[in-house]
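These are my notebook entries on a single protein chain. I record what I looked up, topic by topic.

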Amino acid sequence: MGEQGKRIIFHELLTPEEALRKIFDTVEVKPVGVERVRIEDSYGRVLARDVYATIDVPPFDRSTMDGFAVRAEDTFGADELNPVKLRVVGNVETGAEQLPVVNRGEAVEIATGAPLPPGANAVVMVEYTKRVGDELTVYRSVTPGENVMSAGSDVMLGETILRKCTVIREREVGLLAAVGVREVEVFRRPSIAIISTGNELVSPGEKLGPGKIYDINTYTIAHAVQSMGAQPHIMGIVRDDINEMREAVERALKDHDMVLLSGGTSAGLADLTYKVLDEIGPPGIIIHGLKVKPGKPTVVAVSRDGKLVIGLPGYPSSALMIFNIVVKPIIARMLCMGLDETRIRARLAMRAEGARGRRALYPVSLVDTGHGVVAYPLPAESGAISTLAFADGYMVIPETVDYMEGGEEVEVTLFTHQYMPANLYIIGSHDIGLDVLIPMLPGFVRTKVINVGSMGGLYAVKRGEADVAGMHLIDEATGEYNIPFMVKYEVRKAVLVRGYLREQGLILPKGNPRGIRGIEDLVQGGIRIVNRNKGAGTRFLLDMKLREIANKMGVGFEELIKRIDGYYYEVKTHTAVAAAIAQGRADVGVGIRAAAAMYGLDFIPLGWEHYDFAIPIDRLDKDSVKAFLEVLRSDEFRRALERLPGYKVPNDVGEVIWKPQ
């Protein structure tokens, strides 16, 4: 095997904590310089020096109320029955420079924020006075200093107002402005080069050829770098060519403070990153492999001049999680700032497998039930871009734990600093009709959709996690949709609302080149299918049809499905079924007519099915749920949905068709 054909083996896997210790022991990670910026340009920057007040704040005694500046002693004993009379000798507005003097028995009208005139030591609120001409009647006494902010009572001259390594945001810049600071010294933003590697990558906007995918990591990682306050520099895509990669890494090291690569870090034949990175030293590669899943092939190298190069995994969600646990702490040190992470406690929605000796990282989608937060694990290693869209953060299963059961408490590290809960959680079967309905909801409705299949939605409703669950489960014994499952699974605290009808069938390539006539043809061999995930209503339908065929043939169901090429090739959505067929990855699959039409594919009908909605009884009065039902029943939705091929809206749409006895 040639130079490019050698495989690298991961000899020593480190935990993330061990990896960071090794990095910080090998390299002095520190700020890369200081610069001065105007305060209006300082958002998100980190102070490089302590800041001291050069004035008192406020710089003078000032009134905190509209009223009258007085000598407090002149008001002692005043009340409703025994008011005190004073003579008004002037008026003070904010910004006044010439101030009248308040002598015994006198008062000066004063505005909020105006400087307190000489002689006065308190302010009587206007509502406790009555003025007629220059005569003021005071109905309440005040004490010295009442309704007055003294000079320096907020900030004193010489006081440290902000310390080195403080991140400047809206509150901090207000303090800088208050003491008259115009420019401030901050640490220079580290310049971080970003390189994506792989022959399969194409930049967004370019034509996507066979076997190609759009580059995702360049942009997700660049935004993650920017969110930390560093400066990303996109270097572009590098092919799996050792010379091209070597040139790109050397150029990046010359002009930037750190380099982030994505892809090309595993042990495959085409993965050349490890060889190039070992050449940049000494020391070269110091870490090759983390004791985590996903993210095992993470690589860290140090150049001869002490700059870090970090190779991240290729899958987008994996790359972001490794960025969070390895790269973020490094950038934080380069900026002299704390690691600003937000973690929340959540209850696991379903069982999640550990990684047997490695720390398992799971992206999760969060559901706020009103009685706590529930975390739905999402696939991290599938390369699914939907994982990025739906994930709020990630959870960790320790290396010593084989699995965690649904209901266990977990800690979730958020991808962003703030978790904004939705107020309408739709959990269940995927449907294109929801993509029509959701944009029609009023602006106050913040919707989150989690596609877990009809059974997953049913359980989510039963556990009180979903506001709405779309489902289309057919009972083999009766041929009835959905209601038998509400009864069978004892869903006692929810109702079933009539939804709409969808036409299910076989999705085929244009022209049906394999001459498929029905489901019976799928068991003859030589035909590749794409299947839906377990728990999906479409999977229920296919399995029911296959059981009927198995009974006719006199064979067991398990024996029959062994004859079907692709039975275990599962996807989560109808459009994913159509995409697999359109791209030649399968010859046939079961899905809805609308998905076939979207991809210009042929369709053999199997029948119409009911796609209904289970809704917890205690959510029926929730504003977002009421808005959902209002749109579901609307003529506008009916017209829009029935424009899609294979959809019908019945007259009883939106009505409760089943409720617990």
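The entries below go from the whole chain to its parts.

**Entry 1: Conventions.** I am working with a predicted model, in which local features need pLDDT of at least 70 and side-chain atom pairs count only at pLDDT 80 or more, while totals for chains, interfaces and linings use all residues. Residues are numbered from 1 along each chain as its sequence is written, and side-chain values use heavy atoms, with hydrogens and water left out.

**Entry 2: The whole chain.** I looked up the secondary structure and found 16 helices and 38 strands. Both are DSSP runs numbered from the N terminus: helices are H or I with at least four residues, strands are E with at least two. The C-alpha trace spans about 110 × 75 × 45 Å along its principal axes. The radius of gyration (taken over C-alpha atoms) is 34 Å, well over the 26 Å that the globule rule gives for 661 residues, so the protein is more spread out than a compact globule. That rule is 2.2 Å times the number of residues to the power 0.38. I noted that 52% of the 661 residues count as buried. Buried means under 20% relative accessible area, exposed over 50%, and partly exposed in between, with a 1.4 Å probe and protein chains only.

Entry 3: I traced an open sheet with the strand order 16-13-17-21-20-18 and mixed pairing. Two strands pair if DSSP finds at least two bridges between them. At the edges are strand 16 (231–238) and strand 18 (284–288), each of which pairs on one side only. From one strand to the next, the twist averages 20°. Strand 17 (residues 258–262) and strand 21 (residues 308–312) run parallel and are joined by five bridges. Leu 261 stands opposite Gly 311 of strand 21.

**Entry 4: Helices on the sheet.** Helix 1 (residues 16–26) packs on the sheet and touches strand 18, strand 20 (299–302) and strand 21. The direction of helix 1 makes about 160° with that of strand 18. Helix 4 (residues 242–255) lies across strands 13 (191–197), 16, 17 and 21, at about 165° to strand 16. For these angles, axes are lines fitted to C-alpha atoms, for helices over the stretch in contact, and the range is 0 to 180 degrees between N-to-C directions.

**Entry 5: The largest core.** I then examined the largest nonpolar core, which has 47 residues; Ile 23, Met 258, Ile 330 and Ile 331 touch the most other members. Such a core is a set of buried Ala, Val, Leu, Ile, Met, Phe, Trp, Tyr and Cys residues joined through side-chain atoms within 4.5 Å. Helix 6 contributes the largest share of this core, twelve residues. Leaving aside neighbours within four places in sequence, Ile 330 is in contact (heavy atoms within 4.5 Å) with residues including Leu 20, Phe 24 and Leu 308.

**Entry 6: Helix 6.** Is helix 6 enclosed or open? I found 18 of its 19 residues buried, so helix 6 is largely enclosed by the rest of the structure. Helix 6 has a kink of about 45° centred on Asn 324. The bend at a residue is the angle between axes fitted to the seven residues ending there and the seven starting there. Cys 336, with a positive phi near 60°, follows helix 6.

**Entry 7: Asn 512.** Lastly, I located Asn 512 in the loop between strand 32 (494–508) and strand 33 (529–532). Asn 512 counts as buried because its relative accessibility is 19%. Beyond its neighbours within four places in sequence, Asn 512 is in contact with Asp 602 and Ile 604.
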